[in-house]
Amino acid sequence: MPAPSRADILLPLADDELIVGWRNSEWTGIAPFLEEDVAFSSIAQNEIGHARALYEIVAEELGSTADALAYDRPLDEYRCAPLVQLRRMDWAATIARHVLYETADAIRIASLAASDDPVVAGIAARIDREEVYHRMHAEMWLDRLLASTDGRDRLDHALDELWPYGLGVLDEGRRPELRRALEERLDRALPDVEPAVRGRYEPELAELHDEMTSVRRSAPAGARW
Amino acid sequence: MTATRVWEVFRRERAGAPMQHAGSIAAPDERFAEIYAREQYGRRGESEALWLVPRGAVAEIDDFVDEFDLKYRRVDGYSIKERLREARERAGTVEG
Amino acid sequence: MDGRTAEFLEHVRSGGLVETGDWMPDEYRARLTKFVEMHANSELMGVLPERDWILRAPTLQRKLALTAKIQDEVGHAQLLYRVVEDLGKPRDACLDDLIAGKSKFHNVFHYPTCTWGDVGVIAWLVDAAAIISQKALLKCSYAPYARIMRKICWEESFHILHGRDVVLTLVTGTNEQRELVQEALDRWWEPLMMFHGNPIPADDDPMVHWRIKSQANEEARQQFLEGYVPQVRELGLTVPDSKLRRGDDGTWTYTEPDWDRLMAVVSGHGPASAERLAFRRLSREEVDWVARTVLAEAA
């Protein structure tokens with residue numbers, strides 16, 4: 001069986017970062033406080049920056065460009081996890097997703113950083129350094145929400161919904177690690193559920209993709225923007 | 001959000017430069033304050049380092065008294081130029 | 001005018017500066033607060049016309065640049081509300097007034113954005129108009145505000161570069177892309193001409209009197225025209241004002257904007273005002289619980 005290509009390894013991560021970056025950008029101008037608007041903007045920019053760097057590596061392998069990979073593939077060629085596809089404009093859900101995604105991502109990135117492929121290991125290390133800030137932010141919000149009854153209730157409610165999706169970010173082999181990390185951090189049990197795995201497309205993704213590509217599609221392929 | 005606490009932010013623009021007051025931010029606690037200060041004063045790579053100081057910890061002094069004109073502590077209290085000219089004339093070492 | 005106020009006025013008019021804790025006449029404080037509040041409101045409301053275009057940006061680089069630009073603007077709002085707070089009006093009160101339609105924000109943010117052409121034109125020309133005013137505000141007598149202007153001007157320069165690059169790319173693209181810019185310019189020219197406000201002479205402007213502003217509105221507008229009409233025309237674009245003309249003395253004449261219309265717009269009757277305020281109102285209600293949760297621990 002052939003070794004996975006860089007595209008196989010990195011496209012799921014790239015697509016996750018692109019789409020979660022898009023979702024985080026949806027809070028622009030309407031985050032609970034201005035400071036959170038600015039913070040989530042930074043997180044979104046980092047994520048899109050990561051996506052771009054990852055697409056560039058894959059693009060080189062495939063003879064394409066980062067923008068072409070980000071925008072021009074048909075919907076069913078995107079490899080993003082269902083977790084990032086969901087549109088949840090509720091702050092508790094956003095923080096729940098942030099925590100699930102960052103925890104899963106940390107596990108995934110650590111494994112990529114140990115790759116024999118120096119390019120993969122290199123990009124994973126660079127991404128990890130930026131993710132430190134995202135984790136700090138997620139931790140801070142988690143503590144805040146957990147510290148009040150109302151916050152904790154809302155968070156639990158959101159986690160109940162999103163937990164299967166969180167599991168779906170990782171391969172089967174790494175899911176137990178995610179469960180352990182989260183159960184410890186959240187001080188609660190997480191139910192046994194069927195993970196929402198890649199290859200599943202939520203209806204929201206089609207809407208997102210349509211809006212994301214609307215300007216780009218208004219000019220012929222190859223047009224400069 | 002009605003912020004409960006204000007922090008003064010100081011920034012060092014580049015290595016070797018002094019810490020300068022950059023402004024203030026409002027946040028519920030130190031952890032938020034750190035994140036928000038990083039964003040506001042560092043997101044475009046414009047600062048080498050930041051200091052965060054709770055506003056209440058800053059003591060301002062802006063009244064300085066000099067009733068008896070103790071200018072001898074300042075250079076302009078002496079007329080060095082005058083004295084030097086006098087000394088040179090006396091020593092016959094005045095140039096031109 | 002009492003002696004203390006007269007002394008204060010003399011101080012600011014001869015270039016003196018005012019810091020946060022200093023005594024200031026009630027009129028100065030009131031005018032200054034309202035001015036900075038309007039500026040803060042404008043930065044915040046300015047986000048709404050542009051945010052959708054982050055999502056639709058046609059390349060990753062444009063997406064990043066636009067996200068950073070808008071982030072700067074939210075950051076500016078944050079800094080400016082902080083100044084207003086130190087002058088005595090808490091941010092929540094400002095946001096309440098904004099949503100209730102009781103306070104104003106700049107005319108340009110009451111208009112819809114329709115195409116990617118708008119993105120270029122706004123980042124280039126609206127930000128250029130803004131930077132002219134903001135450079136003049138570097139001399140504001142109220143030092144905390146003047147200091148923030150330095151940071152704002154620095155960040156705005158990135159925005160104008162980005163805007164100009166978007167426009168240049170479009171005008172050197174397909175005919176349809178070129179047309180996007182001209183069409184956007186056609187819609188944005190009138191708001192741009194109104195941007196600096198009605199041509200009240202400096203001597204009659206209380207903001208200049210107190211050295212909050214140091215530049216008359218018409219002077220700012222002339223500076224804009226002098227700097228940017230040639231740049232627009234050199235791209236082969238047409239400025240949609242047949243009366244626009246530069247006199248031999250360097251003064252630009254133009255179709256007089258409808259100043260009553262400007263007043264109506266900034267008071268919340270622009271084409272997109274209601275929708276935008278409603279949007280802000282919704283998001284505020286939805287996240288009130290967040291504020292309560294966050295503050296509960298701090299209390």
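Tutor: Helices (H or I, at least four residues) and strands (E, at least two) are DSSP runs numbered from the N terminus. This is a predicted model, in which local features need pLDDT of at least 70 and side-chain atom pairs count only at pLDDT 80 or more, while totals for chains, interfaces and linings use all residues. Residues are numbered from 1 along each chain as its sequence is written, and chains are lettered from A and ligands numbered from 1 in the order in which they are written.

Student: How many helices and strands does chain C have?
Tutor: Along the sequence, chain C reads α-α-α-α-α-α-α-α-α-β-β-α-α-α. That gives 12 helices and two strands.

Student: What is the radius of gyration of chain C?
Tutor: The radius is taken over C-alpha atoms, and the globule rule is 2.2 Å times the number of residues to the power 0.38. The C-alpha atoms of chain C fill a box of roughly 65 × 55 × 30 Å along the principal axes. For 299 residues a compact globule would have a radius near 19 Å, which agrees with the value for chain C, 20 Å.

Student: Which residues of helix 10 of chain C are buried?
Tutor: A residue is buried if 20 or more other C-beta atoms, placed from the backbone, lie within 10 Å of its own, exposed if 12 or fewer, and partly exposed in between. Helix 10 of chain C spans residues 259-269, and its buried residues are C:L262, C:V265 and C:V266.

Student: Which helix do the buried residues of helix 10 of chain C pack against?
Tutor: Contact requires C-beta atoms, placed from the backbone, within 7 Å. The partner, in chain C, covers 175-194 and is helix 7.

Student: Is C:R211 buried or exposed?
Tutor: C:R211 lies in the loop between helix 8 (206-209) and helix 9 (217-233) of chain C. Its phi is positive, about 55 degrees, although C:R211 is not a glycine. With 21 C-beta neighbours inside 10 Å, C:R211 counts as buried.

Student: And A:D187, buried or exposed?
Tutor: A:D187 is in the loop between helix 8 (175-186) and helix 9 of chain A. A:D187 is not a glycine either, yet has a positive phi of about 55 degrees. With 8 C-beta neighbours inside 10 Å, A:D187 counts as exposed.

Student: How are helix 2 and helix 6 of chain A oriented to each other, roughly parallel or antiparallel?
Tutor: Their axes, lines fitted to C-alpha atoms over the stretch in contact, have angles from 0 to 180 degrees between N-to-C directions. Under 35 degrees counts as roughly parallel, over 145 as roughly antiparallel, 65 to 115 as roughly perpendicular and the rest as oblique. The axes of helix 2 and helix 6 of chain A come within 11 Å and cross at roughly 170 degrees. Helix 2 and helix 6 of chain A are therefore roughly antiparallel.

Student: Which helix gives the largest share of the side of chain A that touches chain C?
Tutor: The contact takes 36 residues from chain A and 35 residues from chain C. Helices of chain A that each supply at least two residues include helix 1 (6-25) and helix 6 (118-146). The largest share, 11 residues, comes from chain A's helix 2.

How values were computed:
Two residues are in contact if their C-beta atoms, placed from the backbone, lie within 7 Å.
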